[in-house]
Amino acid sequence: MRALMVIVLMGLVTFVPRWLGLRLSGRPVPPFWLRFFRFVPIAVFPALIVPELFARPDETVIRLAAFVIAAVVLLRFRTLWAGLLAGMAAFWLLRWFAF
């Protein structure tokens with residue numbers, strides 16, 4: 001539970017100042033930046049996941065399988081939360097069945 005609190009608090013610490021900066025400036029956000037911000041989660045997702053695929057050699061096959069499932073769901077439904085949910089569920093289920 002402590003790690004979850006740290007993740008949530010760090011998310012707030014990084015998100016809130018940026019959001020306030022855009023909202024309180026009084027200037028409209030240019031369309032280019034609105035389009036750019038839509039791709040940030042999709043770009044960050046593989047940057048966070050790929051280094052972890054090979055972090056534990058004994059789980060590499062499980063992690064790759066979960067990654068492929070997450071990628072398929074992400075491509076099919078085009079929502080990051082669905083890909084994350086499917087990938088984590090697949091990882092936990094495959095890990096539970098493998099050990």
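Tutor: Let's go from the overall fold down to single residues.

Tutor: This is a predicted model, in which local features need pLDDT of at least 70 and side-chain atom pairs count only at pLDDT 80 or more, while totals for chains, interfaces and linings use all residues. Residues are numbered from 1 along each chain as its sequence is written, and side-chain values use heavy atoms, with hydrogens and water left out.

Student: How many helices and strands are there in the protein?

Tutor: Helices (H or I, at least four residues) and strands (E, at least two) are DSSP runs, numbered from the N terminus. Here you get four helices and zero strands, so the pattern along the sequence reads α-α-α-α.

Student: What does the radius of gyration of the protein come to?

Tutor: That value is taken over C-alpha atoms, and the globule rule is 2.2 Å times the number of residues to the power 0.38. A compact globule of 99 residues would come out near 13 Å, but this protein has 17 Å. Its C-alpha atoms fill a box of roughly 55 × 35 × 20 Å along the principal axes.

Student: What share of the 99 residues is buried?

Tutor: Buried means under 20% relative accessible area, exposed means over 50%, and partly exposed is in between (1.4 Å probe, protein chains only). In this protein, buried residues make up 16% of the 99.

Student: Which residues form the nonpolar patch on the surface?

Tutor: Patches are made of residues with over 30% relative accessible area and no salt bridge; like charges are joined within 9 Å, and nonpolar side chains (Val, Leu, Ile, Met, Phe, Trp, Tyr) within 5 Å. The areas come from the Shrake-Rupley method with a 1.4 Å probe, and for residues only the protein chains shown count as cover. The patch here includes Leu4, Val8, Phe15 and Trp19, and its members have about 970 Å² of accessible area together. Take Val8: this residue lies in helix 1 (residues 2-24) and is partly exposed at 45% relative accessibility.

Student: Okay, what about charges? How many salt bridges are there?

Tutor: Side chains of opposite charge can pair when their charged atoms come close. A salt bridge is a side-chain nitrogen of Lys or Arg within 4 Å of a carboxyl oxygen of Asp or Glu. By that rule the count is five. In one of them, Glu52 pairs with Arg63, with the closest N and O atoms 3.8 Å apart. Glu52 lies in helix 2 and Arg63 in helix 3, so this pair ties together parts 11 residues apart in sequence.

Student: Is Glu59 buried or exposed?

Tutor: Glu59 counts as buried, because its relative accessibility is 1%. Glu59 forms a salt bridge with Arg56, where the closest N and O atoms are 3.5 Å apart, and Arg95 also forms one with Glu59, at 2.8 Å. Arg95 lies in helix 4 and Glu59 in the loop between helix 2 and helix 3, so the pair links parts 36 residues apart in sequence. Salt bridges that share partners join Glu52, Arg56, Asp58, Glu59, Arg63 and Arg95 into one network.

Student: Last one: which residue has a positive phi although it is not a glycine?

Tutor: Most residues other than glycine have a negative phi. Arg78, though, has a positive phi of about 60°. You'll find Arg78 in the loop between helix 3 (60-77) and helix 4 (80-98), and this residue is exposed, with a relative accessible area of 65%.
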